[in-house]
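This briefing goes through one protein model by topic.

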Amino acid sequence: MPPVIPSQPHSARPHSLAEDGYAIAIGCAFIAMGIMLLKQASLVTGGMAGIALLLSYFIPWSPAALFILINIPFFLFAGKAMGPAFGFKTLFANVAIMALGLTMPWAMQIAKISPLFAALFGGSIIGFGILAIARHGAGVGGVGVVALILQKSRGWNAGRTQMICDIMILLLSLPVLSLDRFGLSILSAAAMNAVLVVNHRPGRYIGY
């Protein structure tokens, strides 16, 4: 029996501008909804979303507004390190997350939510939102941008890098949250990062 010759892989084709915009918009909606669920359950998570949520318990502002404010220093850094297109898309994503986060409560009210469900589902959809944005040449700022830069330059897994940063963010929330909410916040960060660790490995996704 002759040996089976593996077929040649398809050459990667870049996404169109419309595809980028559509996917980034969906990713932003996932992130905004995940933050809303975690806020309703009085939880924190990892990444810039976690920092925004943590600050929202001290400052009477929407986590979505805080999200873009604390990301401002990273926009220029993202553009310089990853190129102007990446920086522009990252800025667009952050503005979209803020806009969706501010308007979503007008479209949907959550009267009751299980903290466990909020941790698992909220963390997971934030992870999928970050994944959609990252696969279309953008980031959500902060440690996520740093993780993507390290993955591009050194081949470090973005999910694992983010997880290390998330541990530090969660430790900062320990004096603020009750013990059970702190444990669920760890679960939400784990759910978010699991999505990235499994689905965003260097060389796996070719974008066609």
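A search of the whole structure finds two salt bridges, a salt bridge being a side-chain nitrogen of Lys or Arg within 4 Å of a carboxyl oxygen of Asp or Glu. The model is predicted: local features need pLDDT of at least 70 and side-chain atom pairs count only at pLDDT 80 or more, whereas totals for chains, interfaces and linings use all residues. Residues are numbered from 1 along each chain as its sequence is written, and side-chain values use heavy atoms, with hydrogens and water left out.

**Salt bridges**
- Asp 20 pairs with Lys 89, and their closest N and O atoms are 2.9 Å apart.
- This pair links distant parts of the chain, with Asp 20 in helix H1 and Lys 89 in helix H4 (residues 84–107), 69 residues apart.
- Asp 20 counts as buried at 8% relative accessibility; buried means under 20% relative accessible area, exposed over 50%, and partly exposed in between (1.4 Å probe, protein chains only).
- Arg 181 forms a salt bridge with Asp 180, where the closest N and O atoms are 3.3 Å apart.
- Both partners are partly exposed: Arg 181 has a relative accessible area of 24%, and Asp 180 has 45% relative accessibility.

**Fold and surface**
- The protein has eight helices and zero strands; helices (H or I, at least four residues) and strands (E, at least two) are DSSP runs, numbered from the N terminus.
- Of the 208 residues, 47% count as buried.
- Among contacts with a separation of 6 or more, 76% come from residues 24 or more positions apart, contact meaning heavy atoms within 4.5 Å.
- The protein exposes about 11,000 Å², of which carbon and sulfur atoms supply 73%; accessible areas come from the Shrake-Rupley method with a 1.4 Å probe, and for residues only the protein chains shown count as cover.
- Phe 58, Ile 59, Trp 61, Leu 69, Ile 72 and Val 176 form a nonpolar surface patch with about 560 Å² of accessible area together.
- Patches are made of residues with over 30% relative accessible area and no salt bridge, like charges being joined within 9 Å and nonpolar side chains (Val, Leu, Ile, Met, Phe, Trp, Tyr) within 5 Å.
- Trp 61 lies in the loop between helix H2 (47–56) and helix H3 (63–82), and is partly exposed with a relative accessible area of 47%.

**Helices H2 and H5**
- H2 is mostly covered, with eight of its 10 residues buried; Met 48, Leu 53 and Leu 54 are among them.
- Helix H5 (residues 115–134) has 20 residues and reaches 28 Å from its first C-alpha to its last, close to the 28 Å expected at 1.5 Å a residue; the expected span is 1.5 Å times one less than the number of residues.
- The buried residues of H5 include Gly 122, Gly 123, Gly 127 and Gly 129.

**Selected residues**
- Asn 71, in helix H3, is buried with a relative accessible area of 0%.
- Leaving aside neighbours within four places in sequence, Asn 71 is in contact with Met 48, Asn 94, Val 140, Gly 141 and Gly 142.
- Ser 42 has a phi near 60°, a positive value in a residue other than glycine.
- Most residues other than glycine have a negative phi.
- Ser 42 sits in the loop between helix H1 (17–40) and H2, and is partly exposed with a relative accessible area of 35%.

**Confidence**
- The mean pLDDT is 82, and 86% of residues reach 70 or more; pLDDT is the predictor's confidence in each residue, from 0 to 100.
- Over residues 1–9 the pLDDT is below 50, and this stretch has zero contacts in the model beyond near neighbours in sequence.
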